[in-house]
Amino acid sequence: MKSTDHSSPEFIVLGTIVRPHGLKGEVKVSMACSGIERLVGCESLRLVRDGVEIKKVSVIRSFMHPDGDAVLRLKEVVGPEEAEALRGAYLAVPSADREKLPEDSFYFDDLVGLQVLTEQGLDLGEIVEVMEGLANGVCVVKKGERETLIPALKSVIKRVDLKARRMTVELPEEIDAETAD
């Protein structure tokens, strides 16, 4: 599964500019995609703020910072002042250019809104958010006041039917659907 936090129907967010880095206009980016390789060489990479494209950009240098964020030098960003002005902007691609995933893989935003049922037919509610964890994503499922956190693992998620807007899960013993909150 891939995360696409803050994505819109027009754009898929691959990262968020956290702050400037250095004196040449580099930016530090909190990644929302599987890796820095997705950004490097991406011909459709855009800077986006509030769902509106600022400009098309290209990565000319990149490396991973020890804290897990990426540091990028964008050809179209000149100097630390311009990099500072981009704080909070997103690096995104048009939805039409979204990377195709292997079968049985989904973007997190595809899962939001799905009805979640156990294999026994118990309705757990609707996915309202997918959080990205260190080891795996976690689907936040709500039904009324009840909230259930379901790990986004193939061992737990048995079927996803995007057309029917439904996910079938087999809950681990630690998660009791009757008492989840």
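Is Lys 28 buried or exposed? Good morning, everyone. Lys 28 is buried, with a relative accessible area of 6%; buried means under 20% relative accessible area, exposed over 50%, and partly exposed in between, using a 1.4 Å probe and protein chains only.

Before going further, please note that this is a predicted model, in which local features need pLDDT of at least 70, side-chain atom pairs count only at pLDDT 80 or more, and totals for chains, interfaces and linings use all residues. Residues are numbered from 1 along each chain as its sequence is written, and side-chain values use heavy atoms, with hydrogens and water left out.

Let me begin with the strands. Helices (H or I, at least four residues) and strands (E, at least two) are DSSP runs, numbered from the N terminus, and two strands pair if DSSP finds at least two bridges between them. Seven strands form an open sheet with antiparallel pairing, in the order β4-β3-β7-β1-β2-β6-β5. At its edges lie β4 (52–56) and β5 (59–64), each of which pairs on one side only. On average, neighbouring strands of this sheet are turned by 35° against each other, direction ignored; axes here are lines fitted to C-alpha atoms, for helices over the stretch in contact, and angles run from 0 to 180 degrees between N-to-C directions.

Strand β3 (residues 46–49) runs antiparallel to β4, and four bridges join the two. Arg 46, for example, has Lys 56 in β4 as its bridge partner.

I turn now to the side chains. How many salt bridges does the structure hold? There are nine, where a salt bridge is a side-chain nitrogen of Lys or Arg within 4 Å of a carboxyl oxygen of Asp or Glu.

Asp 67 is partly exposed, at 44% relative accessible area. Lys 28, Asp 67 and Asp 69 are linked in a network of salt bridges.

A further salt bridge joins Glu 119 to Arg 159, with 3.8 Å between the closest N and O atoms. Glu 119 sits in the loop between β8 (115–118) and β9 (123–132), and Arg 159 in strand β12 (residues 157–161), 40 residues apart. Glu 119 is partly exposed at 37%, and Arg 159 is partly exposed at 47%. Thank you.
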